[in-house]
Amino acid sequence: MFRLISLIAVAGTAALCALHYATFGTRRWRPGESGPSVYRFSVWERLIHAFGLLAFLTLAGTGFWTVVVRRDPLDGWLWMVHAVAGWVFGIAMVLMTLLWAVDCRFASHDWTWTKRFGGYLGGGGKLPAGRFNAGQKVFFWCSVVLGLGTLASGLALMLPVFDPPFQESICQVHRYGSLLFVISVIVHLYVATLANPGTVRSMVVGTVDAEWAEHHHPLWLDDTGGTHDGGSRE
Amino acid sequence: MKKTALVTSLLAVLATVVIAHGEIEQGGHWDGSLTTPVHRIPLIDDEDQEVSPTYGSTVPFSTRKTCGPCHDYSTVAGGFHFNSSKKGASAGRGGEPWIWVDERTGTQLPLSYRGWPGTWNPEEVGITEWRFTQLFGRHMAGGDMGEPADTLADPRSRWDVSGTVEINCLGCHGASPRQDHSEWGKQMARENFRWAATAASGIGAVTGVASRLPDTWTVHDGPDPDDAEYAVPPTVQYDPGLFDHKGRALFEMNREPPDRNCLYCHSVSQVDMEKWEMDSDVHSACGMKCADCHRNGLDHNMVRGYDGEADERGDLAVAEFSCEGCHLGVPQGALGGRLGAPRPSHKGIPPVHLDRMACTVCHAGAGPAKMPVRVRTSRSNRLGIYGVAQWYTDSPYIVEPVYVKESDGKLVPHRMMWPAFWGRLEGETVTPLLPDEVGPFADGILDAEQQIGRMLTSFGEGLAALAMLYPDQDLAGEPVFVIAGKVYRLNVDGGLDVSDYAAPVGAQTGHWAQVRDGKVLPLVPDFDPEAGDVEILVEHAIVSIVEWLAPEEDPRGEPVYVRGTRVYGRSLEGFLSVLDLPDTQADTPIWGWRRYDEIAPLVPEFTMRAVEETVGIEEQFNEEQVVLMLKALNDAAEERGDATGEFVYVCAGKMFRLDGAGKLTVSDHPAAAPCSWPIAHDVRPAGQSLGAGSCTDCHGPAAPFFFGEVSAFGPLKTDHVAVRIMHEIQEADLALLKAWARGVRLRRVYAVGAWVVAALMAAALARYGFAGLERAVRALAVRKPARLD
């Protein structure tokens, strides 16, 4: 059952992203090609994010491949890799949480962003957003909640103290929590790449185009005067 | 005319229905009463004659005729205990094979008609039903191959003399304290097949030995008035006190067999453990009987209780009597906790363990050890037959537990033995040679102990004869054989034991001596061979001994005693004969065989070496003897003009064969693979199960569960012994197991770290996430009235 739900959920999410891209993506704002750059994420932040992403992909790959493709409980070397990746992911998650929790506090302007769905369903113009917009904040806190859930349930499976039927229930929590996480990450990846060209650059080289920043995070740009966390307008 | 035909037809149909109904009813249909019927019944012999308890008779009662009228014999005969040799009978999961153990030839051959893995089909290796019954009747329940469809198929069989082995109903259901399984074993050994059930039941005493009777004897011939000592036909003398005034016997019967009846064939005990030290199965200790779980109806298809049995048999009710069925319950069936069976919580056990291992892995058999424990089983080691002589055998060497992956992928604890047999290799196929075929070649090669033993017996007789000549002198000690600093003495079985006597200094080469007053002394008093005539005492000693070494003409030559160049023997007149053989120079006295001018030792030198190497240990012979055996088999085949394949010896997990130069070579071969079968008893309680200590019970760096060693053991003393590590047998990944073992040690660190991470995330969530959420909710709450305004 979980296998079917997983396949439908992942395929459905991908299909929705594709549909969105076909409908809105191509008409959305695009950055200029050679504007000045703004320093957005420090090396430390990018490194942690990269580790988190890598660990997440490993976890999703080992977990879902076993259950969905091999149709067997996770065991053997895959279990070992999953367990190690889980630990790396946990550390990355807690560091990301500590790094970005303050910036991800909800503010009043987030309501304006939310009412217009961040412009993702059409409508142009700038929307108020600090370092992170309301969508990113929602994703962030969802990740924290799902990360916490999957981490705790995974721990309860790896270091069991309950009886097998309850462990089966925990396993279901872990599976469905992970599935939600995967879906949200697919959306996150879509939004950060195809839906918003230029965004992924911030997590790769640490800078963004000033014009991009002005469009997506105007309040952050105003607050920092072009600098943030030691960064500067280049 | 038409009316008559119609009435006749109707009557015929009616008769058919009545007869058919009668057949159904004959099957012992249960009327619903829970009482145990009193079995006060007439005994019927196999010719439908009622047995009279008053007179002795050569005809015993027949279970087919006595029990059959109420309990349909043919239905019962289809049961699991009686159908192994029947075509089309379900094999079910593997079980303990019959193991033909022949110590004389070093054979340990697992056999099964059911085609269980690792076994040989008796039919395919040339074992007839007659021979099988001779070999294993001691622990057969009757019927099956003991009641062959064609008693004339094997020309060597003697079914007409012995009778067939009917199902021994009383062997299982007899509740009388007179029921004597040991007696059954003895009667079967005497080939008193027809009489065994009667004798074992205790309702009558059986005397006579069918195996000694001529092939032409039949049960109708009755007793032989001319022979009351040796070839005595079996006769039954019933105990009249066990019959009522109408001549009916009162059988004490139980529908559910008492455990002691099951245990005659199904006992397992650890070697080197005393009976009082053993715990029983936890179920037995709680008062349960074997038959409480291993149930059956009239068809006698026992519930064996393994995973998947219900599906195989197409009967879901069977699943209710498995471990899981009683303790956990089965879907759409019985709830768990049957009759108070504890429902296990298995707290802390990852569910994958329950999916991939049978319950018995953690709960049954001996616990895993660096070397699995050695056990004896009733059927393999001939247990439970009592008498002055010991019937049990140390062989085969069976160990438990060995964890083996079954065909469904689940691990199951097994008992394991390694086959040993002489065989013929053709292409890649090894076909076993039966002990009956190899036996004649083994004499003189594999019977080293017996050869020495026979000599010691002769020396003993010779010394006794000498002692009779000199009653006032203490001349007759215990003859011994001395080699390599050890002194070997004769034991009651005709073999040898290593004695505690100190060997004379320098006694490295084999020689014969006697022990008197705790000292190892020469058999013949010392004398000077160059001094002319020998003393009369010495002459008598030599003559007495050589006379007993070869009472008749011996193909090996004339027994002699050699000192220096002088050869002493016994003349035709019975006096000492002296011969001078200048080419012979015996620095130490030699007993040997003289043929012309050649002196050969009493026993071949390889025999002495074999004794030196193998007496006192469990292995029976050495590689040198295997070489000689293989040469003997090859030579015999060459003489017969038989050039098919080559002869090999399979033992200790290896195959031994001769190369072109006549040297022994060792290789692996599938025929040498071990034979194993699942076990389910003795069940240990939860507190003594695997994993009750911790995960490291199995996942420790040196845990025997994965890293125990299973050594192949067989009759051959060799360095080429196959050793399998448990994880190899389980087909597990060694690197993964090692990583796992290391990982398990880091569990606490992992757990603490992970919980710290989770706590920090939860704290951040509480501090910022929920606060932000609260702020958002408040913002919404403030806006709402504004909109209303």
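In this predicted model, helix α18 (residues 448-469) of chain B packs against helix α20 (residues 605-614) of chain B, with an angle of about 105 degrees and axes 8 Å apart. Angles of 65 to 115 degrees count as roughly perpendicular, so α18(B) is roughly perpendicular to α20(B). On the α18(B) side the residues that meet the partner helix are B:A448, B:E449, B:Q451 and B:I452; α20(B) contributes B:T607, B:A610 and B:V611. By class, this contact of α18(B) with α20(B) consists of four nonpolar residues, two polar and one charged.

B:I452 also belongs to the largest nonpolar core, which has 145 residues. B:I452 is among the members that touch the most other members, together with B:A196, B:M629, B:Y649 and B:V650. Residues of this core come from both domain 1 (421-444 + 620-672) and domain 2 (448-614) of chain B, so the core lies between these domains. Leaving aside residues up to four places away in sequence, B:Y649 touches B:W422, B:V626, B:M629, B:L630 and B:F656. There is also a second, separate core of 37 residues, whose members include A:A55, A:A92, A:V94 and A:V144.

The contact between the chains takes 36 residues from chain A and 35 residues from chain B. On the side of chain A that touches chain B, the elements giving two or more residues are α3 (76-100), α4 (109-115), α5 (134-158) and α6 (164-195).

Notes
Residues are numbered from 1 along each chain as its sequence is written. Chains are lettered from A and ligands numbered from 1 in the order in which they are written. This is a predicted model: local features need pLDDT of at least 70, side-chain atom pairs count only at pLDDT 80 or more; totals for chains, interfaces and linings use all residues. Two residues are in contact if their C-beta atoms, placed from the backbone, lie within 7 Å. Helices (H or I, at least four residues) and strands (E, at least two) are DSSP runs, numbered from the N terminus. A nonpolar core is a set of buried Ala, Val, Leu, Ile, Met, Phe, Trp, Tyr and Cys residues joined through C-beta atoms within 7 Å. A residue is buried if 20 or more other C-beta atoms lie within 10 Å of its own, exposed if 12 or fewer, and partly exposed in between; C-beta atoms are placed from the backbone. Domain bounds come from an automatic or database domain assignment. Axes are lines fitted to C-alpha atoms, for helices over the stretch in contact, and angles run from 0 to 180 degrees between N-to-C directions. Angles under 35 degrees count as roughly parallel, over 145 as roughly antiparallel, 65 to 115 as roughly perpendicular and the rest as oblique. Ala, Val, Leu, Ile, Met, Phe, Trp, Tyr, Cys and Pro count as nonpolar, Asp, Glu, Lys and Arg as charged, and the others, Gly among them, as polar.
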